[in-house]
Structure formats: structure tokens, C-alpha cells
Amino acid sequence: MKVAASILDCDFLHLSDQLSAVVAAGADVIHLDVMDGHFVPNLSFGVPLARAVRSAVSVPVHSHLMVTEPEWLIEKFLPYSDLVVFHIEATELPDQCLETIHAAGKAAGISLNPGTAVESLKPLIADVQEVLVMSVHPGFGGQEFSDESPGRIRETARLIQKVGSKATIAVDGGINPSNCRLVADAGAHMVIAGSAIFRSKDYAATIKALKCP
Ligand code: DX5
Ligand code: ZN
């Protein structure tokens, strides 16, 4: 299991140290939660922070765009991201979004909220490198993992197999060392964790546990 550290819950006053610490502790990916105050009822950070993070770490950087009409914003995050994820609920132009990401030589992810039918991914799933299954309603760190998520991960895995897609499955929201096994058994390849890592005393021990050895 790969582990992405979501910096939403880090100590921004010491961002550089926090990044070094989670990477040294074994984080495979740095996950950036970009929020617009519209698609989700919260604001986070934008392009300058992504640029700073990209320059500070050598591990992949994934940008999770929780924004309405992401098509205009994607190209601004592409230079600082190895993978850009947008939400299926947020755009009427998903093909255009995928094309922009792929034209830049980057990987594309599609995310879906807990209330969105997994089946709605069908037209896009062959063309994405990642499906990001939200296990909370997006907008805030520190929320509780939805019990319906393992079933939704299994359904996503079945759809990926049925279509012959090469997409991997990432799961985001409320992940901690007690529920990551459930998520792994359901077919996830990567967990994204914010509060479980940054509110823990021992990042390395927490990340090791999240990897479900
Ligand atoms: C939720 C974000 C998540 C979140 C994870 O809107 O997409 O990435 O920051 O934080 P935790 O692990 O605290 O749920
Ligand atoms: Zn996220």
C-alpha cells in the first residue's frame, strides 16, 4: 500500500520541515488539497504553495482539485504536479480536463464524492490513471471514515476490471491505522492521510502502519 500525506493538517509555519519529516518517515506522495469555497465549503491554498512544495520534495506531488469547473485551473497546477485529480461532479467537460492533463505528459485522476454513483465513472475510467474514492464528504480534514467506502472501493475495482482500465485506486478521508486494512482488502492501492499523520507523535510509525505491511 502506498501512502500519500495530505498537508492540509500540517503546521504551515514550518512547511519545509514538515515536508522533509513526512518524506523521511516514508510518505510516497505529497497530496495537495485545493479548495475553492464553492465546490466545497472551505478554502485552502493555491498555485504558489504547489510551486513551493514541488521545489522542496523529490517524491511525486498529487494535486486534488476540489473546485467547480476545474478546466481553467488544471493547467496552472500541471507544472507542479505529477498527477492532477478533478471531481466528476465538478465539470461538464471531463474529456477536456483529461486531454489537458495528458497533453502535459502528466497522470490524470478522477474523484467521486460519497453520494455519487460509481457507475458514473464508466465513460472515463479507461482514460484515467487513478480513481480517487472519497471516504468523507470533501472539504475538511479530520472527518470520520464512511463505512460505505469499502463497498464502493470494491465496486470501483470491479468496474476497472470490467472495462480493462489500468487505473489504480486511491482512498481519501478519515484514513487511519485502524481502517487502512479494510481499505487495502477492498482493493485500494494508495491511502491519503492528513490528520492521522500530522496529529501523530511518530510520523514513521504511523506511515508504516498505514502501509498495511
Ligand atoms: C478532504 C481532503 C482530504 C483530507 C484528508 O476534503 O480531500 O485529503 O485532507 O484528511 P484526513 O486524513 O484528516 O481525513
Ligand atoms: Zn484530498
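## A tour from the largest pocket to the zinc site

Begin by selecting strand S2 (29-35), strand S3 (61-66), strand S8 (190-193) and helix H7 (195-198), each of which supplies at least two residues of the lining of the largest pocket; helices (H or I, at least four residues) and strands (E, at least two) are DSSP runs, numbered from the N terminus. This is a predicted model, in which local features need pLDDT of at least 70 and side-chain atom pairs count only at pLDDT 80 or more, while totals for chains, interfaces and linings use all residues. Residues are numbered from 1 along each chain as its sequence is written, chains are lettered from A and ligands numbered from 1 in the order in which they are written, and side-chain values use heavy atoms, with hydrogens and water left out.

The largest pocket holds about 240 Å³ of space. Its lining comprises 24 residues, and those closest to the pocket centre are Phe-140, Gly-141, Asp-172, Gly-173 and Gly-174. A pocket here is an open set of points, on a 1 Å grid over the protein atoms alone, where a 1.4 Å probe fits, with protein on both sides within 12 Å along at least five of seven lines, and lining residues have an atom within 4 Å of a point. The volume is the space filled by probe spheres set on the points, which are joined across faces, edges and corners.

Next, select the zinc ion (ligand 2), which is coordinated by His-31 (NE2), Asp-33 (OD), His-64 (ND1) and Asp-172 (OD) at 2.0 to 2.3 Å; donors are N, O and S atoms within 2.8 Å of the metal (3.2 Å for Na, K and Ca), and water is not among the atoms, so sites may look incomplete. Of these, His-64 in strand S3 and Asp-172 in strand S7 (residues 168-172) link distant parts of the chain, 108 residues apart. Both His-64 and Asp-172 are buried, meaning under 20% relative accessible area, with exposed over 50% and partly exposed in between (1.4 Å probe, protein chains only).

Move on to Asn-176, in the loop between S7 and helix H6 (180-186), which counts as partly exposed because its relative accessibility is 27%. Leaving aside neighbours within four places in sequence, Asn-176 is in contact (heavy atoms within 4.5 Å) with Ala-196 and Leu-210.

Finally, select Ala-104 in the loop between helix H4 (94-103) and strand S5 (107-112); with 40% relative accessibility, Ala-104 also counts as partly exposed.
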